[in-house]
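Dear colleague,

Please find below the structure that I am handing over to you. My findings follow directly after it.

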Amino acid sequence: MSTAFASPARQGGGITGAHRGASSGGVRARPAAVLTVVAAGALAVLGLWWAGTPSVSGLDGWLTGAGRITGLLAGYGFTVLLALMARVPALERGVGSDTLARWHSMGGRYVVGLSVAHALLIMWGYAVTDGTDVVSETVTLNLSYPDVLKATVALLLLVGVGIVSARAVRPRLRYETWFHLHFYTYLVAWLAFGHQLANGAEFLTFPAAGTAWTVLYVAVAALIVWYRFLTPVRQAFRHRLRVAAVVPEAPGVVSVYVSGRRLDRLRAEPGQFFRWRFLTRDLWWSPNPYSLSAAPRSGELRITVKDLGDQSRALARLRPGTRVVAEGPYGSFTAARLERRRGGGRRTRPGRKVLLVAGGVGVTPVRALFESVPAAPGDLTLLYRARSHDDLVFRAELEAIAAARGAALHYCLGPRSEIGDPFTPEILAHRVPGLRDHVVYVCGPASMTAQVVSALRAAGVPKKRIHHESFEF
């Protein structure tokens with residue numbers, strides 16, 4: 001059976017497979033546990049409304065009651081959204097940054113919808129109660145009720161952030177623009193908080209609930225301040241990162257070597273990424289996420305970046321000695337997926353076979369895993385998709401790693417119009433004997449990743465053994 005994949009000739013030397021079995025890097029929150037806590041909080045919010053609502057009657061009562069429910073859920077949901085993106089290490093390592101981003105995106109749509117529904121229902125309900133029209137009631141609410149005008153401004157800002165985050169709009173924005181517009185969500189939280197306590201019937205009826213609500217918001221604010229602002233500053237002073245060298249890897253692709261002090265304390269793992277801020281005149285203001293392209297070594301980290309825009313293009317012009325601030329490490333695309341707890345320690349499952357699938361710039365974290373993921377000789381396979389030989393990144397390194405580790409390395413080259421679909425269940429099963437018994441890591445463009453995951457599932461690989469990372473922001 002012929003396939004689009006080809007295997008290079010084996011070469012020796014270069015890479016020895018050091019750093020296999022890297023440290024697991026701290027506490028990891030389980031996704032199911034996180035969702036359970038979030039759901040429990042939502043039920044508690046509904047219980048608060050139920051306890052504070054003896055009865056509901058009449059159109060005005062139903063409208064106002066619905067407005068109170070949606071307002072409480074929107075206020076709670078907003079804290080969840082902020083907590084998910086606070087870069088808490090336990091969440092980043094256990095759930096994964098791309099999963100957190102998907103939860104945040106999905107939850108954001110609900111929160112925006114709940115917030116708009118809350119405003120419309122409350123205005124309509126109060127208008128029915130007072131026997132006036134909605135426009136007049138809206139003016140009265142904003143001018144007469146404490147902090148409602150600020151809440152209205154917050155709602156408009158929230159809707160604006162929601163619009164720029166919509167799937168139809170987001171791809172048209174530069175990452176840096178999208179990133180900085182999201183800082184308005186902090187202003188939204190500050191503007192909206194006051195009216196919740198000042199006008200919320202539940203908090204006026206149960207002062208203890210108001211105290212708990214305040215504690216919730218303060219706790220989330222503390223997480224954001226600590227992990228998103230203070231921790232990067234603390235790490236910058238501790239590790240004193242600087243650009244050591246910039247090395248071309250392929251057309252439009254460069255590797256940036258970063259040196260520093262006590263880098264082992266970062267507890268970074270192959271497959272993880274940092275948000276990098278290079279302190280030059282053009283780059284200092286925007287951190288961008290780039291994965292480690294090699295297993296962390298004493299005193300050195302390496303990232304590899306493809307020219308996809310102004311920011312990534314500017315990295316090719318970095319000078320040695322440029323100061324660097326790195327936030328992280330983040331992500332759960334690591335060898336820890338192969339481990340389990342036994343007696344308080346982590347040990348690798350015996351006999352586990354590993355398949356790595358990379359496409360385009362997705363080879364960056366996969367190359368680090370190829371070097372370090374625990375696997376016996378003959379149990380590790382890498383499938384690498386690229387348009388041509390010239391687009392292969394790390395070719396010499398990958399072939400040296402394959403030779404040193406006794407691993408299989410297969411390239412899939414050429415445009416799809418010429419080679420067809422390279423990731424059908426039949427091709428994957430033929431190229432990777434015993435495919436169903438493998439743990440699989442997939443990283444590449446979103447369309448390729450979805451295609452590979454679908455083919456793996458059709459080939460009988462259990463969903464829990466398929467791990468993938470998205471590059472979409």
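I begin with a proline. P329 is found in strand β7 (residues 323-330), where strands (E, at least two residues) and helices (H or I, at least four residues) are DSSP runs numbered from the N terminus. A cis peptide bond joins G328 and P329, with omega at about 10 degrees.

As to conventions, this is a predicted model, in which local features need pLDDT of at least 70 and side-chain atom pairs count only at pLDDT 80 or more, while totals for chains, interfaces and linings use all residues. Residues are numbered from 1 along each chain as its sequence is written, and side-chain values use heavy atoms, with hydrogens and water left out.

**Overall composition**

The chain holds 16 helices and 14 strands. Of its 473 residues, 48% count as buried; buried means under 20% relative accessible area, exposed means over 50%, and partly exposed lies in between (1.4 Å probe, protein chains only). Contact is defined as heavy atoms within 4.5 Å. Among contacts in the chain with a separation of 6 or more, 74% come from residues 24 or more positions apart.

**Annotated spans**

The unreviewed UniProt entry places the feature "transmembrane region" at residues 32-51, 71-90, 110-128, 148-169, 181-198 and 210-230. These positions are given in the numbering used here, feature names are shortened, and annotations may be inferred rather than shown by experiment. In the model, residues 32-51 are 100% helix and 0% strand, and their end C-alpha atoms are 28 Å apart. Residues 110-128 are likewise 100% helix and 0% strand, with 26 Å between the end C-alpha atoms.

**Nonpolar cores**

A nonpolar core is a set of buried Ala, Val, Leu, Ile, Met, Phe, Trp, Tyr and Cys residues joined through side-chain atoms within 4.5 Å. The largest such core has 33 residues, of which F78 and L91 touch the most other members. Two or more residues each are given to this core by α1 (31-51), α2 (58-84), α4 (97-130), α6, α8 and α10 (207-239). The largest share, 8 residues, comes from α2. Not counting residues up to four places away in sequence, F78 touches V111, L158, T185, V188, A189 and Y217. A second, separate core of 30 residues includes F333, V354, V373 and L392.

**Packing of α6 and α8**

Helix α6 (residues 148-164) and helix α8 (residues 184-199) pack at an angle of about 145 degrees, with their axes 8 Å apart. Axes here are lines fitted to C-alpha atoms, for helices over the stretch in contact, and angles run from 0 to 180 degrees between N-to-C directions. On the α6 side the contact is made by V148, K150, A151, V153, A154, L157, L158 and V161; on the α8 side it is made by Y184, T185, L187, V188, L191, A192, H195 and N199.

Y227 is found in helix α10 and is partly exposed, with a relative accessible area of 22%. The C-alpha atoms of Y227 and V88 are separated by 6.4 Å, although these residues are 139 residues apart along the chain. Leaving aside neighbours within four places in sequence, Y227 is in contact with A86, R87, V88, P89, P232 and Y330.

R261 lies in the loop between β3 (253-259) and β4 (273-278) and is partly exposed at 38% relative accessible area. Its contacts, leaving aside neighbours within four places in sequence, are F237, R238, H239 and R240. The C-alpha atoms of R261 and G299, 38 residues apart along the chain, are separated by 6.0 Å.

**Backbone points to check**

Most residues other than glycine have a negative phi, and most peptide bonds are trans. D147, which is not a glycine, has a positive phi of about 65 degrees. D147 lies in the loop between α5 (134-144) and α6 and counts as partly exposed at 28% relative accessibility. R240 also has a positive phi, near 50 degrees, in a residue other than glycine. R240 is found in the loop between α10 and β2 (241-250), and its relative accessible area of 42% makes it partly exposed.

**Helix α13**

Which residues of helix α13 (residues 395-405) are buried? They are L398, E399, A400, I401, A402 and R405. What covers them includes α12 (363-372), β11 (380-386) and β12 (408-413). α13 is followed by G406, whose phi is positive, near 65 degrees.

With kind regards
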